Amino acid sequence: MIIYVDVLLIFNFVIDLLLLLSVAVTLKRKVSFYSIVSGAFVGSFSIILLFYEFNNIELFFLKFMISIVMILVAFKYRDIKYFIKNISYLYFSSIILGGGIYLFNNMVSLENA
């Protein structure tokens with residue numbers, strides 16, 4: 001199986017962009033589109049972690065740190081309450097988006113026909 005890293009990076013960038021946009025819209029944050037794109041760009045490089053050997057705990061902490069950097073780049077740091085609300089809505093949005101993608105995949109799957 002051939003894996004195209006550029007397609008993987010672009011797909012991850014788009015998903016991260018959608019997640020950050022959903023956080024900005026849900027929380028009514030006044031941020032520039034450039035900041036959200038920069039945060040998505042930072043988050044898209046988490047794909048590089050797939051090509052290294054990490055145990056599950058290390059991978060969890062690395063991805064959590066990347067999400068923290070993503071939020072800091074996109075929304076900046078005002079205070080701890082602002083930051084925690086941003087990060088919690090990012091994870092809530094990712095659960096909703098991931099569940100939606102999973103549902104869509106099951107609905108259009110050829111195996112179910």
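I sorted the lining of the largest pocket and got 9 nonpolar, 5 polar and 2 charged residues; Ala, Val, Leu, Ile, Met, Phe, Trp, Tyr, Cys and Pro count as nonpolar, Asp, Glu, Lys and Arg as charged, and the others, Gly among them, as polar. The model is predicted: local features need pLDDT of at least 70, side-chain atom pairs count only at pLDDT 80 or more, and totals for chains, interfaces and linings use all residues. Residues are numbered from 1 along each chain as its sequence is written, and side-chain values use heavy atoms, without hydrogens and water.

I looked up which residues lie nearest the centre of the largest pocket and found Asn-12, Asp-16, Leu-19, Ser-46 and Lys-63, out of 16 lining residues. A pocket here is an open set of points on a 1 Å grid over the protein atoms alone, where a 1.4 Å probe fits, with protein on both sides within 12 Å along at least five of seven lines; lining residues have an atom within 4 Å of a point. Helix H1 (5-26) gives the most to this lining, with 5 residues; helices are DSSP runs of H or I, at least four residues, numbered from the N terminus.

I then checked two lysines for phi. Most residues other than glycine have a negative phi. Lys-28, in the loop between H1 and H2, has a positive phi of about 55 degrees. I noted Lys-28 as exposed, at 70% relative accessibility (buried is under 20% relative accessible area, exposed over 50%, partly exposed in between; 1.4 Å probe, protein chains only). Lys-76, in the loop between H3 and H4, has a positive phi near 60 degrees. Lys-76 is partly exposed, at 47%.
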